[in-house]
Protein chains: 2
Amino acid sequence: MSVRVYLAGPEVFLANAREQLDKKIALTRAAGLIPVSPGDLAIPDTPTKREKGHAISQIDEGFMLSADAIIANLTPYRGQNADTGTCYELGFMCALGKAAFGYTNVAAGHYERQHRHYAGAITPGADGRLRGSDGMLIEDVDMIDNLMMHGGIERRGGVVVVGNAPADAIYTDLAAFEEVLAIAAARLLK
Amino acid sequence: MSVRVYLAGPEVFLANAREQLDKKIALTRAAGLIPVSPGDLAIPDTPTKREKGHAISQIDEGFMLSADAIIANLTPYRGQNADTGTCYELGFMCALGKAAFGYTNVAAGHYERQHRHYAGAITPGADGRLRGSDGMLIEDVDMIDNLMMHGGIERRGGVVVVGNAPADAIYTDLAAFEEVLAIAAARLLK
């Protein structure tokens with residue numbers, strides 16, 4: 001059986017992107033699955049920057065359409081939440097009924113990270129619900145990020161693995177990826 | 001003709017969410033479209049927080065499935081990028097072939113906001129590509145956020161409207177929403 005898995009995540013932005021992606025690709029192959037990696041794309045020459053963006057978007061969507069499943073790296077990126085491109089891709093695959101799995105390398109959940117974002121300045125609003133100092137609602141549903149992602153994965157029978165990588169390795173540590181990969185392989189290859 | 005439009009965005013988190021959502025709902029109706037708003041959901045009682053998250057995820061996905069189009073508010077939220085739940089929803093609708101439109105209330109694009117994120121500490125890496133102080137790639141494709149969102153909308157023939165709301169009104173100003181709503185209505189109702 002040949003099962004293709006799209007490897008979504010912010011690794012494409014790393015200075016050592018090729019090395020990191022190659023490690024994930026090798027692990028995926030070793031698990032018996034066929035890796036589909038956005039880092040494999042050849043970036044085409046285009047007349048404008050905008051068209052370059054369109055071209056990459058088209059290539060990555062094509063990769064997703066060719067895949068049977070997604071493993072999304074939802075580790076917080078440049079702030080308290082996951083990489084927005086990865087979130088788009090997870091929604092894309094969930095809508096198509098593909099198998100969906102996720103992981104994060106940061107043990108602190110969404111609720112705890114929201115507290116950090118507001119430096120603890122969180123109080124009940126007029127409606128009794130917890131709100132940050134800017135009035136924004138504190139999502140408190142025991143998940144690793146916005147409920148559309150975590151809920152979208154789990155409601156489809158997928159799994160979200162929560163790792164706890166060292167601070168200097170949250171984009172390179174592969175323990176949580178290996179754990180969710182093993183779960184995905186067991187389910188997808190049975 | 002009856003065209004249903006899902007109104008995605010971080011307004012659901014506002015202290016005055018109901019008021020803000022009602023304004024968007026009224027404008028959408030006035031434009032001749034049928035609003036489908038995540039703020040309309042009745043949050044069910046559940047035994048656990050996690051199950052509450054699943055329930056809301058299921059309701060919102062059901063709303064999206066019932067809609068013909070999406071207008072996504074991609075205004076940066078709690079950081080330099082759009083609300084992650086909105087990004088999931090945009091990917092979800094794009095995958096289903098629904099019409100997709102977006103807007104932001106922040107005039108500074110993704111490239112400029114990345115400079116702010118790194119406080120200008122951006123230099124070419126060993127590969128010649130611009131990178132932040134943490135080595136992460138600076139996406140430079142003339143878009144308002146990660147290319148999957150902006151590209152996903154434009155490649156489907158949709159439009160991204162860039163507004164410029166006052167700093168204290170980036171989640172409540174409706175000028176950019178009204179502009180993209182008019183474009184969406186003209187296309188969807190023709």
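In this predicted model, the two copies meet through the same surface, because 100% of the interface residues of chain B are also interface residues in chain A. Chain B can be laid on chain A by a turn of 180° with a shift of 0.0 Å along the axis, and the RMSD is then 0.0 Å; that is the relation of a two-fold axis.

The contact between the chains involves 48 residues of chain B and 48 residues of chain A. On the side of chain B that touches chain A, helix 2 (49-66), helix 3 (84-95) and helix 5 (147-155) of chain B each supply at least two residues, and helix 3 of chain B gives the most, with 10 residues. By class, the residues on this side of chain B divide into 19 nonpolar, 17 polar and 12 charged.

Helix 2 of chain A takes part in a contact of this kind with helix 5 of chain B, where the two helices pack at an angle of about 90° and their axes are 8 Å apart. Since angles of 65 to 115 degrees count as roughly perpendicular, helix 2 of chain A and helix 5 of chain B are therefore roughly perpendicular to each other. Gly53(A), His54(A), Ile56(A), Ser57(A), Gln58(A) and Asp60(A) form the chain A side of this helix pair, and they meet residues of helix 5 of chain B that include Leu147(B), Met148(B), His150(B) and Arg155(B).

The residue classes of the two contacts are set out below.

Within chain A, helix 2 (residues 49-66) has 18 residues, which at 1.5 Å a residue should span 26 Å, and its end C-alpha atoms are 26 Å apart, which agrees. Among the buried residues of helix 2 of chain A are Lys52(A), Ala55(A), Glu61(A) and Met64(A), as well as Gly53(A), His54(A), Ile56(A), Ser57(A) and Asp60(A). The buried residues of this helix pack against strand 1 (4-8) and helix 3 (84-95) of chain A, together with helix 5 of chain B.

Elsewhere in chain A, Glu178(A) lies in helix 6 (residues 175-188). Glu178(A) counts as partly exposed because it has 18 C-beta neighbours inside 10 Å, whereas a buried residue would need 20 or more. Glu178(A) and Gly135(A) are 43 residues apart in sequence, and their C-alpha atoms are 39 Å apart in space.

Notes
Residues numbered from 1 in each chain as written. Chains lettered and ligands numbered in written order. Predicted model: local features only at pLDDT ≥ 70, side-chain atom pairs only at ≥ 80, totals over all residues. Contact = placed C-beta atoms within 7 Å. Helix = DSSP H or I, 4+ residues; strand = E, 2+ residues; numbered from the N terminus. Nonpolar A, V, L, I, M, F, W, Y, C, P; charged D, E, K, R; others polar. Buried ≥ 20, exposed ≤ 12 C-beta atoms within 10 Å, placed from the backbone. Least-squares fit on C-alpha atoms with pLDDT ≥ 70 in both. Expected span 1.5 Å × (residues − 1). Axes fitted to C-alpha atoms, helices over the stretch in contact; angles between N-to-C directions. Parallel < 35°, antiparallel > 145°, perpendicular 65-115°, else oblique.
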